[in-house]
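Reader: I've just opened this one and could use a hand finding my way around. Can we go through it bit by bit?

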Amino acid sequence: MYLIPKSKFVRFLLVGVINTLFGYSVFALMICLGLDYRYSLLIATICGVLFNFKTIGGIVFKNKDNRLLARFLGVYLVIYLLNAESLRIVKTLGINMLVAQAILVLPLAIVSYFFNKTFVFRGDR
């Protein structure tokens, strides 16, 4: 039997694991290929955003309305900017970019959940 948790936040975290593994893998690959962290982050964000829109919208918020994509992109732009600025700050501290990104995943996921719930999928409360 396939059980989907009732809690939106738990579903978000479970879907987020898959989305994060994908996005982090792209980021790590770009870093290992020698790309600057800002471009690596941008490529990983672009690669993941459409997949994430479908999984977060469909599984977490039970909403498959493609008209919400613009708002979703807006949330991801804010998350990207927060992430990039955080990485810039930790780079000045000499922290490895892969370690820094791994540390930032959970706090940014929590921010992303609340932004998506508030600004994108707000009709599903």
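Reader: In what order do the elements of the protein chain run from the N terminus on?
Author: Keep in mind that this is a predicted model. The chain has four helices and zero strands. Read from the N terminus on, the order is α-α-α-α.

Reader: How does the radius of gyration sit against the globule rule?
Author: For 125 residues the globule rule gives 14 Å, and the chain comes close to that, so it is as compact as a globular protein of that length. Along the principal axes, its C-alpha atoms fill a box of roughly 45 × 35 × 20 Å. The radius of gyration itself is 15 Å.

Reader: What share of contacts join residues at least 24 apart?
Author: Here we count contacts in the chain between residues at least 6 apart in sequence. Of those, the share joining residues at least 24 apart is 67%.

Reader: Let's zoom in on H3. How far apart are its end C-alpha atoms?
Author: Helix H3 covers residues 69-92. With 24 residues at 1.5 Å a residue, H3 should span 34 Å. The model agrees, because the end C-alpha atoms are 34 Å apart.

Reader: Which helices do the buried residues of H3 pack against?
Author: The buried residues of H3 include Phe72, Tyr76, Ile79, Asn83 and Leu87. Their packing partners are helix H1 (8-32), helix H2 (37-60) and helix H4 (97-120).

Reader: Which residue forms a salt bridge with Arg88?
Author: Side chains of opposite charge can pair when their charged atoms come close. The closest N and O atoms of the pair are 2.6 Å apart, and the partner is Glu85.

Reader: Is Arg67 buried or exposed?
Author: Arg67 meets Asp65 in a salt bridge, at 2.9 Å from N to O. Asp65 has 22% relative accessibility, so Asp65 counts as partly exposed. Exposed takes over 50%, and at 71% Arg67 counts as exposed.

Reader: How many salt bridges does the structure hold?
Author: Besides Arg88 with Glu85 and Asp65 with Arg67, Asp36 and Arg38 meet in a salt bridge at 2.8 Å, N to O. The structure's total is three.

Reader: Which residues form a nonpolar patch on the surface?
Author: One member is Ile89, placed in H3. Ile89 has 42% relative accessibility, so Ile89 counts as partly exposed. Together the patch has about 450 Å² of accessible area, and its residues are Ile89, Leu93, Ile95, Val99 and Ile103.

Terms used:
Residues are numbered from 1 along each chain as its sequence is written. This is a predicted model: local features need pLDDT of at least 70, side-chain atom pairs count only at pLDDT 80 or more; totals for chains, interfaces and linings use all residues. Side-chain values use heavy atoms; hydrogens and water are left out. Patches are made of residues with over 30% relative accessible area and no salt bridge: like charges are joined within 9 Å, nonpolar side chains (Val, Leu, Ile, Met, Phe, Trp, Tyr) within 5 Å. Accessible areas come from the Shrake-Rupley method with a 1.4 Å probe; for residues, only the protein chains shown count as cover. A salt bridge is a side-chain nitrogen of Lys or Arg within 4 Å of a carboxyl oxygen of Asp or Glu. Helices (H or I, at least four residues) and strands (E, at least two) are DSSP runs, numbered from the N terminus. Buried means under 20% relative accessible area, exposed over 50%, partly exposed in between (1.4 Å probe, protein chains only). The expected span of a helix is 1.5 Å times one less than its number of residues. Contact means heavy atoms within 4.5 Å. The radius of gyration is taken over C-alpha atoms; the globule rule is 2.2 Å times the number of residues to the power 0.38.
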